[in-house]
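Please read the points below with the sequence and the model open beside them. They are set out as a colleague's note.

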Amino acid sequence: MHAFQTIVLLITSNVFMTLAWYGHLRLQQTGVSTNWPLIGVILFSWGIAFVEYCFSIPANRIGFAGNGGPFTLVQLKVLQEVISLVMFTIVAGAMFRGMSIGWNHLAAFVCLVLAVYFVFK
């Protein structure tokens, strides 16, 4: 159960992380934030990142073996990175329609899956 909770929380946190890091670029493209000062963009992104942390911190606490969870620290980090890249691809693909995925991106994803496999061995 802790593994499932950890993964769901990490997925949720990474959706917010992607929005915090790249959402302002989409807002700029649509003209919403074109005239915002940089500090306004930073504060907007920090607001979204706060929500991300509200999911990320519990995910790591619940999932960490030192707290009774199923994952070592290294496993948590690799899991988070893979989830981060997968969620980035999905969210950014939805926000930026012109973004394309090439063979090299797919090869990188295969390498990430292999990284997860090896870190859990």
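How many aromatic pairs does a search of the whole structure find?

1. The search finds 6 aromatic pairs. Rings of Phe, Tyr and Trp (its six-membered ring) count as a pair if their centres lie within 6.5 Å; planes under 30 degrees apart are stacked, over 60 edge-to-face, and the rest tilted. One of the pairs joins tryptophan 21 and tyrosine 22, edge-to-face, at 6.3 Å centre to centre and 70 degrees between the planes. Another edge-to-face pair is formed by tyrosine 22 and phenylalanine 88, with 5.2 Å between the centres and 65 degrees between the planes. Tyrosine 22 belongs to helix α1 (residues 2–30) and phenylalanine 88 to helix α3, so this pair ties together parts that are 66 residues apart in sequence. Trp21, Tyr22 and Phe88 make up one aromatic cluster.

2. On the basis of the note: this is a predicted model, in which local features need pLDDT of at least 70 and side-chain atom pairs count only at pLDDT 80 or more, while totals for chains, interfaces and linings use all residues. Residues are numbered from 1 along each chain as its sequence is written, and side-chain values use heavy atoms, with hydrogens and water left out.

3. Tryptophan 21 is exposed, at 52%. Tyrosine 22 is partly exposed, with 29% relative accessibility, and phenylalanine 88 is also partly exposed, with a relative accessible area of 27%.

4. On the fold: the protein has 4 helices and 0 strands, in the order α-α-α-α along the sequence. Helices (H or I, at least four residues) and strands (E, at least two) are DSSP runs numbered from the N terminus. The C-alpha atoms fill a box of roughly 50 × 35 × 20 Å along the principal axes.

5. Among contacts (heavy atoms within 4.5 Å) between residues at least 6 apart in sequence, 71% join residues at least 24 apart.

6. Which residues meet in a salt bridge? The structure holds 1 salt bridge, and the side chains of glutamate 81 and lysine 77 form it, at 2.7 Å from N to O. The term requires a side-chain nitrogen of Lys or Arg within 4 Å of a carboxyl oxygen of Asp or Glu. Because glutamate 81 and lysine 77 are 4 residues apart in helix α3 (residues 73–95), about one helical turn separates them. Glutamate 81 is partly exposed at 33% relative accessibility, and lysine 77 is partly exposed at 47%.

7. Is methionine 95 buried or exposed? Methionine 95, in helix α3, counts as buried at 15% relative accessibility. Leaving aside residues up to four places away in sequence, methionine 95 touches Leu19, Tyr22, Gly23 and Arg26.

Key. Buried means under 20% relative accessible area, exposed over 50%, partly exposed in between (1.4 Å probe, protein chains only).
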